[in-house]
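Please look through the model shown here before reading on.

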Amino acid sequence: MFLFTSNNYQSFRKFHFFQTKKVMIKHIAICLLLSIVSAQIPTKLSELTIKDPGFTSLASNFFKNQQKNAVLLTTFGVTGLDSIYQISFQNNNLSKPQATAFDTKSIWPNQADYYQQYQLIVEAGGFFPNPSKATGDINLYQVNDDGQITSKIKVSKDKKDFFYHKAILVDLNGDGLPDILAARAQKSVLSSSGELIWLENKGNFQFEEHLLTNGPDVFFIFVDLDNDGKQEVVAAQYFSKELAIYTCQKSNWSLCNPTTIQKTLIDNTVGSLFNLELTDLNGDGKKELLVTNNSASGNGQVFIYEVPDNYNTGKFIKYPIGSTYKPSLALLPGRGAPGTASSFSLSGTKYKYIIVSGDDAGVVRLLIPQDGSFNYKEVIVCESKDNNTIGEVAHGDFNKDGFVDLMIPFYAEGKVEIWSFKKQQQEVSQ
Ligand SMILES: [Ca+2]
Ligand SMILES: [Ca+2]
Ligand SMILES: [Ca+2]
Ligand SMILES: [Ca+2]
């Protein structure tokens with residue numbers, strides 16, 4: 001039997017404290033070890049020389065017959081015609097990339113996304129710095145089972161000086177035919193404006209334009225923010241500097257127009273918004289907004305917003321994460337940083353990693369999650385010469401080997417680099 005006297009109680013407490021401390025130290029050591037072991041960083045495998053590479057995206061099962069992926073790449077310049085490429089890998093070997101241009105007469109393409117269920121690429125383009133390229137358009141490219149482009153179909157009607165950065169294929173009226181939901185903007189010295197439109201698919205690639213609302217100008221997502229079964233538009237507004245939600249008051253978005261769409265402001269304090277996605281970053285079952293702004297003055301950053309249960313009445317809690325970004329040559333018009341931030345899961349990790357393109361800051365950073373509370377360790381993946389422009393980084397398992405890969409467009413250097421997380425489980429310096 002063991003009786004506590006005052007003395008042995010003290011020594012028990014000391015002993016207990018000592019044991020607890022030892023356990024804690026051991027626990028911290030294990031945690032540290034786990035966090036070092038589980039931190040994964042990519043390494044470079046290959047590169048391709050391509051002039052002015054801007055935006056990249058994974059095209060899943062682009063080669064349907066072979067069940068192989070491609071990466072789509074758009075180029076742009078202030079003058080001249082622009083191109084769109086598909087990049088594939090010989091025998092799924094990332095060290096053997098090959099690029100094929102399927103359009104060399106594009107006009108400032110800002111996006112090329114592949115929809116495997118329709119075997120269509122959606123391209124959106126145009127931009128104001130060159131007046132002859134300011135009136136943009138939306139094109140569809142049909143892709144056959146061998147990954148060859150069989151036709152290019154212009155589906156938008158020109159509206160003078162309006163250009164497109166984002167268009168998605170979605171069946172808005174539920175008739176089984178994919179329609180197009182797009183944002184467009186115009187920018188002049190005196191004014192700017194944005195419009196959200198949808199192009200109704202009438203069949204045989206005939207489309208009819210409808211205005212949904214004013215406001216969204218550059219990037220947006222079409223998501224169910226509050227899990228009520230109905231989609232909302234969340235817009236990262238560049239020119240009007242607002243992060244905002246648009247809700248359709250009717251049963252169906254195809255029935256909505258400017259009088260039946262309601263706007264809810266999330267934030268108008270971070271300047272020009274650039275890019276956004278809705279995803280569960282910390283694995284708690286609730287989705288967050290991952291957002292970037294784009295600034296010339298050095299306060300560009302990545303932000304996470306927690307989404308309240310009721311987005312009309314609740315508060316969006318904002319977490320600025322990682323370093324700020326400052327563009328090189330910041331005095332030139334149109335310069336800004338960062339570009340896009342996007343998240344992905346790596347095998348064996350609970351929390352999502354985030355890859356950030358610095359855009360005109362000329363750097364790509366990886367944000368490695370440290371916990372479920374939006375704390376990240378930041379690693380520089382690569383920097384371009386003179387910190388000049390890097391475009392939009394594509395991520396995904398390009399060669400289907402189970403490891404996430406990256407395509408990094410070095411716009412100013414005229415090359416793209418292919419990186420992979422394969423076999424790169426290694427220590428990250430503290
Ligand atoms: Ca439809
Ligand atoms: Ca909803
Ligand atoms: Ca979450
Ligand atoms: Ca891979």
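The paragraphs below begin with confidence and then turn to the sheet and the loops.

This is a predicted model, in which local features need pLDDT of at least 70 and side-chain atom pairs count only at pLDDT 80 or more, while totals for chains, interfaces and linings use all residues. Residues are numbered from 1 along each chain as its sequence is written. The average pLDDT (the predictor's confidence in each residue, from 0 to 100) is 91 for the protein, and 90% of the residues score at least 70. Residues 1–37 have a pLDDT below 50, and this stretch has four contacts in the model beyond near neighbours in sequence; a contact means C-beta atoms, placed from the backbone, within 7 Å.

Four strands form an open sheet in the order 10-11-12-13, with antiparallel pairing. Strands are DSSP runs of E, at least two residues, numbered from the N terminus, and two of them pair if DSSP finds at least two bridges between them. Strand 10 (163–170) and strand 13 (206–214) are the edges, each pairing on one side only. Between strand 10 and strand 11 (residues 179–187) there are seven bridges, and leucine 169 stands opposite isoleucine 180 in strand 11.

Most residues other than glycine have a negative phi, and most peptide bonds are trans. Asparagine 91, in the loop between strand 4 (82–89) and strand 5 (97–106), has a positive phi of about 50°. Asparagine 91 counts as exposed because it has 7 C-beta neighbours inside 10 Å; the cut-off for exposed is 12 or fewer, for buried 20 or more, with partly exposed in between, and C-beta atoms are placed from the backbone. Aspartate 359 also has a positive phi, of about 55°, but counts as buried, with 25 such neighbours inside 10 Å. The peptide bond from alanine 337 to proline 338 is cis, with omega near -5°.

Key
Chains lettered and ligands numbered in written order. Contact = placed C-beta atoms within 7 Å.
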